[in-house]
Amino acid sequence: MITAEALKDIVGSDWVVTDKGQIEPYTIDSTPPAMMPKAAENIIVVKPATAEEISEILKLANRQNTPIYVRGGGTGMAGAAIPTRDGVVLSMERFDKIEEIDTRSLMAVAQAGVTLGDLLEAADAQNMSFPPHPGDEGAQLGGLVVCNAGGARAVKFGVMRNYIKGMEVVLPTGEIVTMGGKLLKCNTGLPLMHLIIDSEGILGVVTKVTLRLYPRFPGTATMVFSYDDRNAAINTVPAILQAGIIPLAIEYMDREIAELTARYLNMTWPAQKGKAYLIVILSGTNEDEVFLQAEQVVEVCQKHGAVDTLMAERREEQADILKIRSEVQSAVTPNADSLDTAVPPGEIGIFMSEVDKIADKYGTKIPVVGHAGDGNLHHILMQEVADKGLLDQIKEEIYDVAIKLGGTVTAEHGIGKKGIKLLDRYTDERQKQLMRDIKRSFDPNNILNPDTGIVS
Ligand SMILES: Cc1cc2nc3c(=O)[nH]c(=O)nc-3n(C[C@H](O)[C@H](O)[C@H](O)COP(=O)(O)OP(=O)(O)OC[C@H]3O[C@@H](n4cnc5c(N)ncnc54)[C@H](O)[C@@H]3O)c2cc1C
């Protein structure tokens, strides 16, 4: 095992943490506590500042056979960053510089420890925007890249992968490589960069990223549609898309969840009527275009049973609605688990009603929130479900329905450490072996983030 002294020789004595109390926050993430993997006892935290220092640490880890767990913002929900074996947590917090907001090529170049919040602010200051919005703005760019995060605002332009154009990576064996660049097209050989995206920190340490930006949308509006019937709300989603309007976001929330999250944030949920809500975020080249889209969306929603419409135009009002939606996962406690299934967008209505039948069968309620425009719902299984001994049974039935509808058991939170059994169950042997082979060719000694993302 690597010693603290050896790490101090690489990064300096100020950047190695051995005090148990100070290490503790680095051993948990945002996974629901009941599902959180247990951290190992003997952990050292190291905070390098350059790719060269990371390279030295990884070479040493190979020589001393020591697991290295890369740590971003700790907002992951699948336990991916948790150090489950004695080893070293490599925190990216000092990689916090935005190097460039390039308004000519519409790209940002930033170190991997920059937070989403800081990137959004820097882009905004240059009249640019970065549409993806996975809920917690404390997530770091490196974490967002290797988790291929989604979140709200993915309907029109897609998830993180669509924005990642280049990166600098330190491979587990210590070589520093650059992939892609400020390029919209780059077909040079096998797409290794796309393997790093969604690799959950097992194929390399991302140190710098190049991300696509968009000019700030001159017109935006956030609308909240209230429904008395949650199935009517969800059934509106394919109809909005079929009408030819592609919003930035179409989000779904149960009323209880919306109000509870608003209270948690000391805010007020603006809609008064209904039991279920669709939040639709529109963008356009000017306000007239957005207004025209808004009229069309209102027509579709009313036709599908919306009982009230609220339109937020001021930036602050729009930001408040997005904030309430984004913080749901932190507000709804105690929850035994928060699922992350997705089905083809056209099947989302059937999916919702099948899960309602499961809830009825077990005499429980399953609150729902989700990125409805992406077919991605988060069913929240409250602690009382686990207390009644129903957790595994209900989860299994929900997963089975999703798979039958052509869906997936995790759309954006990933496998991490929490989902290994799911990967094992829902992936065929050949693909599991290919994943192991890829891991071995990047990381022959399995030092980077063991126990994560693949079935061993
Ligand atoms: C309230 C809340 C709402 C959320 N909403 C969404 C949502 O809507 N959509 C969504 O997709 N996710 C969502 N998430 C999950 C989370 O924000 C994302 O998974 C995010 O990508 C994690 O980034 P992080 O920096 O916090 O990574 P961490 O949690 O620190 O780490 C996650 C994984 O990335 C690896 N990693 C981190 N940095 C690097 C790096 N530089 N190089 C290599 N590996 C690295 C770690 O080793 C680990 O395996 C939400 C989380 C919370 C708490």
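Start by selecting Asn449 and the ligand: an N or O atom in the side chain of asparagine 449 sits 3.0 Å from one of the ligand's oxygen atoms. Keep in mind as you look around that this is a predicted model.

Now hide everything but the protein surface and see how much of the ligand is left showing. On its own the ligand would expose 980 Å², and the protein buries 98% of that.

The side chain of glutamate 412 has an N or O atom 3.0 Å from a nitrogen atom of the ligand.

Select the whole shell and you'll have 37 residues, with Val70, Gly72, Gly73, Thr75 and Gly76 the closest. Color it by class to find 14 nonpolar, 19 polar and 4 charged residues. Color by domain, and you'll see at least three residues from each of domain 1 (4-91) and domain 2 (98-215).

Last stop: strand β18 (residues 368-371). Val368 and Gly370 point one way, Val369 and His371 the other, and all are buried. On to its partners. β13 (residues 249-254) pairs with β18 antiparallel over 2 bridges, and methionine 253 is bridged to valine 369. β19 (residues 376-382) is also antiparallel to β18, over 4 bridges, with valine 368 bridged to histidine 379. Finish at the hairpin turn between β18 and β19, where glycine 375 has a positive phi of about 70 degrees.

How values were computed
Residues numbered from 1 in each chain as written. Predicted model: local features only at pLDDT ≥ 70, side-chain atom pairs only at ≥ 80, totals over all residues. Heavy atoms only, no water. Near = heavy atom within 4 Å. Polar contact = N/O pair within 3.5 Å; in protein donor to acceptor, adjacent residues only side chain to side chain. Areas by Shrake-Rupley, 256 points an atom, 1.4 Å probe, with all protein chains shown as cover. Nonpolar A, V, L, I, M, F, W, Y, C, P; charged D, E, K, R; others polar. Domains from an automatic or database assignment. Buried < 20%, exposed > 50% of the residue type's maximum accessible area, 1.4 Å probe, protein only. Pairing = 2+ DSSP bridges.
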